[in-house]
Amino acid sequence: MTRDKAAGGNLEALGAIASLFVWTCMILVTAIFPFIMFPVFVAGLPFDRTGAWSHWVGARWGRTIVRLVPGWHVRVEGAEHLAQGPFVIIANHQSQVDILV
């Protein structure tokens, strides 16, 4: 076996381990998070007609997963150009991970 093939095999194995870690984190957080956050969501329902509590719960879920996985970073560009008030943002997803963000 040549040196390049051995290095490629090691990279593939490392990539598989990293992928397994990422998916394990996502599954665990997604499985545990509802038990922690659902009471917060339900407690806010009578007081929050705008859905801010629901947004808060969903945002915490996504941020928790992004922070747990090493190498994942979120970068926002152009936020200073947004107008005040309500608006619609349409995302061009680069991967399935964008759902969390």
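The points below describe the fold, the core and the surface of this predicted model.

1. Basis of the note. The model is predicted, so that local features need pLDDT of at least 70 and side-chain atom pairs count only at pLDDT 80 or more, while totals for chains, interfaces and linings use all residues. Residues are numbered from 1 along each chain as its sequence is written, and side-chain values use heavy atoms, with hydrogens and water left out.

2. Overall make-up. The protein chain has 2 helices and 0 strands. Helices (H or I, at least four residues) and strands (E, at least two) are DSSP runs, numbered from the N terminus. Of the 101 residues of the chain, 15% count as buried. Buried means under 20% relative accessible area, exposed over 50%, and partly exposed in between, with a 1.4 Å probe and protein chains only.

3. Contacts and surface. Among contacts between residues at least 6 apart in sequence, 68% join residues at least 24 apart; a contact means heavy atoms within 4.5 Å. The accessible surface of the chain is about 8,600 Å², and 66% of this surface belongs to carbon and sulfur atoms. Accessible areas come from the Shrake-Rupley method with a 1.4 Å probe, and for residues only the protein chains shown count as cover.

4. Helix α2. This helix covers residues 52-68, 17 residues in all, and reaches 24 Å from its first C-alpha to its last, close to the 24 Å expected at 1.5 Å a residue. The expected span is 1.5 Å times one less than the number of residues. Its buried residues include Val57, Ala59, Gly62, Ile65 and Val66.

5. The core. The largest nonpolar core has 9 residues: Val22, Cys25, Met26, Val29, Phe33, Met37, Val57, Ile65 and Val69. The elements giving two or more residues to this core are α1 (3-44) and α2, and α1 gives the most, with 6 residues. A nonpolar core is a set of buried Ala, Val, Leu, Ile, Met, Phe, Trp, Tyr and Cys residues joined through side-chain atoms within 4.5 Å.

6. Arg60. This residue lies in helix α2 and counts as partly exposed, at 26% relative accessibility. Leaving aside residues up to four places away in sequence, Arg60 touches Phe33 and Met37, both of which are listed in the largest nonpolar core. Arg60 and Met37 are 23 residues apart in sequence and 8.8 Å apart in space, C-alpha to C-alpha.

7. A nonpolar surface patch. Leu28, Ile32, Phe35 and Ile36 form a nonpolar patch on the surface, with about 450 Å² of accessible area together. Patches are made of residues with over 30% relative accessible area and no salt bridge, like charges being joined within 9 Å and nonpolar side chains (Val, Leu, Ile, Met, Phe, Trp, Tyr) within 5 Å. A salt bridge is a side-chain nitrogen of Lys or Arg within 4 Å of a carboxyl oxygen of Asp or Glu. Leu28 is placed in helix α1 and is partly exposed, with a relative accessible area of 48%.

8. Two further valines. Val42, in helix α1, is partly exposed at 37% relative accessibility; Val42 and Ser54 are 12 residues apart in sequence and 9.1 Å apart in space, C-alpha to C-alpha. Val74 is in the segment after α2 and is partly exposed at 48% relative accessibility.
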